[in-house]
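Dear colleague,

I am passing on the structure we spoke about, and below it you will find my notes on what came out of it. Please read them with the coordinates open.

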Amino acid sequence: MHRVRGRIEKIFGTWKRPYGLRLMRWRGLPKAAAQVRLTAIGYNLKRTMNILAAS
């Protein structure tokens, strides 16, 4: 359980610091959910590019 939690907390920490998810830009739950989804897409794109560059 600790290994899984450590991986997930690392991702959330990355979203908060470099991607600015500490504060929501828009009001309302649907717009905040959209911001979280866009952040996840950006994180996954950057991660994919790093994985492809390494191989």
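Contact, as the word is used in these notes, means heavy atoms within 4.5 Å. With that in hand, and leaving aside its neighbours within four places in sequence, arginine 22 is in contact with Lys16 and Arg17.

The model is a predicted one, in which local features need pLDDT of at least 70 and side-chain atom pairs count only at pLDDT 80 or more, while totals for chains, interfaces and linings use all residues. Residues are numbered from 1 along each chain as its sequence is written, and side-chain values use heavy atoms, with hydrogens and water left out.

On the overall form, the protein has two helices and zero strands, these being DSSP runs numbered from the N terminus (H or I and at least four residues for helices, E and at least two for strands). Its radius of gyration is 13 Å, well over the 10 Å that the globule rule gives for 55 residues, so the protein is more spread out than a compact globule; the radius is taken over C-alpha atoms, and the rule is 2.2 Å times the number of residues to the power 0.38. The C-alpha trace spans about 40 × 30 × 15 Å along its principal axes.

Buried residues make up 15% of the 55 residues, where buried means under 20% relative accessible area, exposed over 50%, and partly exposed in between (1.4 Å probe, protein chains only).

Helix H2 covers residues 29–54, and with its 26 residues it reaches 37 Å from its first C-alpha to its last, close to the 38 Å expected at 1.5 Å a residue; the expected span is 1.5 Å times one less than the number of residues. The buried residues of H2 are Ala32, Gln35, Thr39, Ala40 and Tyr43, and they pack against helix H1 (2–16). Isoleucine 41, also found in H2, counts as partly exposed at 47% relative accessibility, and together with Trp26, Leu38 and Leu45 it makes a nonpolar surface patch of about 430 Å².

Arginine 22 itself lies in the loop between H1 and H2 and, at 57% relative accessibility, counts as exposed. The C-alpha atoms of arginine 22 and isoleucine 11, which are 11 residues apart along the chain, are separated by 13 Å.

How values were computed. Patches are made of residues with over 30% relative accessible area and no salt bridge: like charges are joined within 9 Å, nonpolar side chains (Val, Leu, Ile, Met, Phe, Trp, Tyr) within 5 Å. Accessible areas come from the Shrake-Rupley method with a 1.4 Å probe; for residues, only the protein chains shown count as cover. A salt bridge is a side-chain nitrogen of Lys or Arg within 4 Å of a carboxyl oxygen of Asp or Glu.
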